[in-house]
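Let's take a friendly look at the charged side chains of this protein and how they pair up. Have the sequence and the 3D view ready to follow along.

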Amino acid sequence: MPVSRANGLDIYYETAGSGPPLVLIHALPFDHNLWLYQVERFSARFRTLAMDLRGWGRSAKPRTPFTLADMGNDILTLIAEQGIRDGAVVLGCSIGSKIALMLACDHPEIFKAAILVGGNSGPQPQFDHRIAAYRAHQAAGTLADYHWGHLRYGVTSLWADSAIGRYLLAGFVERGRGLDAESIVQVFQALTVSDLTPKLPHYGSPTLIVNGEHDRALAGGTRTASLIRHSEHKILPATGHCCFLEDPARFNALVQDFLQRNRLWPEQ
């Protein structure tokens, strides 16, 4: 398994294709496989790099407190290990979008553009119920059942109940058998207190923010888009939070158009 240990924690990652780097940062409670359609589409022109965030997938499950910046440093260490020093595009969803925006704000020399799905840049103090539920379900031995329900929260019910939706969500549950509630708690606490809005007046890289029509984070994405110079905000009809999983063709077309207009789409 490809694992980076350079930052002191095991961070699982996968790469595909060749070309300029496209760094993919998943949402909770998913793993790097959330980007399967984007890897398939964009690895023809980019070198995609998708990792499991600490606390998720095959990456380490630390139980001691850490910050969103620590999670970002996991990614910075990984890309440095991969020889990525400039010319990258970063694409993230939910917590992944917040980390992506943080990295783009702090390291414009590395990341030339950011694509944010969800796109909430402010503090998000609404996760106490998730923290309590993960702890309770792990104690009861029903963590997989709760994980399944949490996964459904990231998509529309119509898609979750479709044949492809049931199949893909079942895969996330199966790969999540090693999840640890106390590590998940640390992830949610890091997300809760993080606030990127002070960085935004000084940030001006090309940024695309995408929300699904039924995304509960739509208000946060709209607010973030209003605070970023040179940003664009698109809404994908009939989709939820992980709109790129539900409607990959239309999402990928939005990404390609954005990159082409910003001269970041490599010609073959």
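What follows is a short tour of the salt bridges in this predicted model.

## The overall count

Side chains of opposite charge can pair when their charged atoms come close. Taking a salt bridge as a side-chain nitrogen of Lys or Arg within 4 Å of a carboxyl oxygen of Asp or Glu, the model has 11 of them.

R5 and D10 are joined by a salt bridge, with 3.0 Å between the closest N and O atoms. How exposed are the two partners? R5 has a relative accessible area of 57% and is therefore exposed, as the cut-off for that class is over 50%. D10, at 30% relative accessibility, is partly exposed.

## A link across the sequence

R63 pairs with D180, and here the closest N and O atoms lie 2.8 Å apart.

Is D180 buried or exposed? With a relative accessibility of 13%, D180 counts as buried, because the limit for that class is under 20%.

## An exposed pair and a network

E174 and R177 also meet through their side chains, in a salt bridge of 3.6 Å from N to O. Both of these residues are exposed.

Finally, which residues do salt bridges with shared partners join into one network? They are E232, D257 and R261.

Note on methods. Residues are numbered from 1 along each chain as its sequence is written. This is a predicted model: local features need pLDDT of at least 70, side-chain atom pairs count only at pLDDT 80 or more; totals for chains, interfaces and linings use all residues. Side-chain values use heavy atoms; hydrogens and water are left out. Buried means under 20% relative accessible area, exposed over 50%, partly exposed in between (1.4 Å probe, protein chains only).
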